[in-house]
Amino acid sequence: MTERITKSMAKNIYYGGGLFALLIFLGLSFDTVQQIPERSNEVNMTESVVAGKALWEKNNCVGCHTLIGEGAYYAPELMNVFNRRGASDETTFKGYMQGWMAAQPLSEPNRRKMPQFHLSTEEVDNLSDFLIWTSKVNANKWPPTIEG
């Protein structure tokens, strides 16, 4: 009952398995591309959000913070900072961000220090808009807890 696999059988298994894997890959890729517009929140992207993202990159915020799980884990995750700080509306959150950014670096002992970036009021508002926009991206319930 020992049956040997011939060269042609092995070739058929190889090509059949490769074709099957390719079809699965293409199907999953197509499904992902179809979901991106509704999950990415791109319809709510404004010039202010884009300017806030540029500030995020210019000041290397990702060097300390994470955003949607990407970045350094030195400082808190900021994807859900809008929800975490209990902001009932965007104006309240922008006021919070103005105060927070102006107060840096905090002089509390044994606490990590955030540098003072000397951002203008408009720049902090743009950064706030970027963080508010980010909080509305569907990231499959990431981060897993409200504290990030």
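Four helices, α2 (47–58), α3 (81–84), α4 (90–102) and α5 (121–135), each supply at least two residues of the lining of the largest pocket, where helices are DSSP runs of H or I with at least four residues, numbered from the N terminus. The model is a predicted one, in which local features need pLDDT of at least 70 and side-chain atom pairs count only at pLDDT 80 or more, while totals for chains, interfaces and linings use all residues. Residues are numbered from 1 along each chain as its sequence is written, and side-chain values use heavy atoms, with hydrogens and water left out.

A pocket here, on a 1 Å grid over the protein atoms alone, is an open set of points where a 1.4 Å probe fits, with protein on both sides within 12 Å along at least five of seven lines, and lining residues have an atom within 4 Å of a point. The largest one has a volume of about 620 Å³, taken as the space filled by probe spheres set on the points, which are joined across faces, edges and corners. Its lining counts 29 residues, and nearest the centre lie His65, Ala75, Pro76, Trp100 and Met114.

Which helix gives the most to that lining? It is α4, with four residues. In α4, Phe93, Met97 and Met101 are buried, that is, under 20% relative accessible area with a 1.4 Å probe and protein chains only, exposed being over 50%. Seen down the axis, these buried residues fall within an arc of 65°, so they line one face of α4, the arc being that of the directions from the helix axis to the C-beta atoms. The face turned away from that buried side carries the exposed residues Thr91 and Ala102.
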